[in-house]
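Good morning, and thank you for making time for this presentation. Please look at the sequence and the structure on the screen, and I shall then take you through selected regions.

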Amino acid sequence: MLTDGPLLPDTGEPGFGIYVHWPFCAAKCPYCDFNSHVRHQPVDQARFTAAFLREMDTMRELSGPKTVTSIFMGGGTPSLMEPATVEAILDGLAARWHVPSGIEVTMEANPSSVEATRFRGYRAAGVNRVSLGVQALNDPDLRFLGRLHDVADALKAIRLARDIFPRMSFDLIYARPKQSIDAWAEELKEAISYAVDHLSLYQLTIEEGTAFYGLHKAGKLIVPDEEHAATLYEATQDIMAGFGMPAYEVSNHATPGAESRHNLTYWRYGDYVGIGPGAHGRLSPRGGKVATATERHPETWLTAVEAQGHGMIDQEDLDDEAQADEVLLMGLRLREGVDLARWQQLAGRDPHPDREQFLIDQGFIERIGNARLRCTPKGMLVLNAVVADLAS
């Protein structure tokens, strides 16, 4: 069991995170393009646990000795794991890296009644933050989104999580078909009333390869147009800020101090290990940056790990230019913005003055002194275009 303690303060540094991917779900949601798989026979959790531990050995050799600042178990649906599986994974991480007391240990969970009963076991194993995939607070939209829970299940899970875990968050999806500003505003206020300190609020996007993609392409699924979606986004920012939970990233809102430490590691471009089927990592074993990726198909990954000690299918050395682009792409998502000195060191240049000035004049970006560059709320609406303009 991991040692527990008061949450360590956010130092503002990128940190070193570990991501563990549990790829199985009870059902595939029609909007989901994550690496998730449905199995109609029980998963051999003991066998997968042994494979996770073997891949940890390989990743530990690649990363070298590190002090972990956050652990995140995502999916898929990690709350389909038995508490003993979670405990074995967390103990395995602590045996290979230095895991101080008080770091953030997050687990994603679905709020079905059966899974919620496992929360106390997860807490005993060392999980101190849970992220619930609620997605909507009305039953018709939950059915539309393919969720297996209803609002009553969601509220039960929220209450239980609030009582058991020191920190919790849940997700909602907006820009759903025919969703009005007023209806979304009421749903947001209801969500805030449940005494959470972090909410992840994602706009519904139609991703290729999902069930929704085919319906949308056939004209059977109509989502809000860009103008209405932008209005929903702006309303979200205003409401959340008004309740003391401003956006610290494009889709994530928190009371000050309650930001997700693990996700900050990604956006601050820190190193992180990716373990499990379809997991990605960024490591600096030789001073440069290496991008890792593992086999997505769970059983194929499992066989590979048992044969060779890991399921990696790619290790790419990222040159300075590629790293500079990733620093910009990730950092501009944050309200704190990009560390300019770090970007300049990797890019070997300053931002193009004419492009930067144009974006400033248009109200898309702003300087924070001479140290940082960030998107304005207006710029967040066209983030990809801003990143492309600055990177060129």
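I begin with asparagine 252, which lies in strand S10, residues 252-254. Please keep in mind that we are looking at a predicted model. Is asparagine 252 buried or exposed? Its relative accessibility is 2%, and therefore it counts as buried, the cut-off for that class being under 20%. Its side chain takes part in polar contacts. One, of 2.6 Å, is with the side chain of serine 200. Another, of 2.8 Å, is with the side chain of glutamate 249. If we set aside the neighbours within four places in sequence, the residues in contact with asparagine 252 are His198, Leu199, Ser200, Tyr202, Pro246, Ala247 and Trp267.

For contrast, consider glycine 209, in the loop that runs between strand S8 (198-203) and helix H8 (211-217). Glycine 209 has 72% relative accessibility and so counts as exposed, since the exposed class begins over 50%. In sequence, glycine 209 is 176 residues from aspartate 33, yet their C-alpha atoms are 6.9 Å apart in space.

I turn now to strand S6, residues 129-135. Why can we call this strand largely enclosed by the rest of the structure? Because seven of its seven residues are buried. The burial extends to both faces: Arg129, Ser131, Gly133 and Gln135 are on one side, with Val130, Leu132 and Val134 on the other. S6 also has pairing partners. With strand S5, residues 104-109, it pairs in the parallel sense over four bridges, and glutamate 108 stands opposite serine 131 of S6. With strand S7, residues 167-174, S6 runs parallel and is joined by five bridges; there, leucine 172 is the bridge partner of glutamine 135.

To return to leucine 132, its contacts beyond four places in sequence include Phe119, Ile158, Met168 and Phe170.

Next, an open sheet of three strands, in the order S15-S17-S16 with antiparallel pairing. Strand S15 (338-339) and strand S16 (365-368) are its edge strands, each pairing on one side only. S15 is joined to strand S17, residues 372-375, by two bridges, and valine 338 stands opposite leucine 373 in S17.

Finally, helix H12, residues 320-331. How does its length compare with expectation? At 1.5 Å a residue, the 12 residues should span 16 Å, and the end C-alpha atoms are 16 Å apart, so the two agree. At the start of H12, aspartate 319 has a side-chain oxygen that reaches to within 3.2 Å of the backbone nitrogen of glutamate 321. The buried residues of this helix are Gln323, Ala324, Glu326, Val327, Leu328 and Gly331.

That concludes the presentation, and I would welcome your comments.

Technical notes. Residues numbered from 1 in each chain as written. Predicted model: local features only at pLDDT ≥ 70, side-chain atom pairs only at ≥ 80, totals over all residues. Heavy atoms only, no water. Buried < 20%, exposed > 50% of the residue type's maximum accessible area, 1.4 Å probe, protein only. Pairing = 2+ DSSP bridges. Expected span 1.5 Å × (residues − 1). Polar contact = N/O pair within 3.5 Å; in protein donor to acceptor, adjacent residues only side chain to side chain. Contact = heavy atoms within 4.5 Å.
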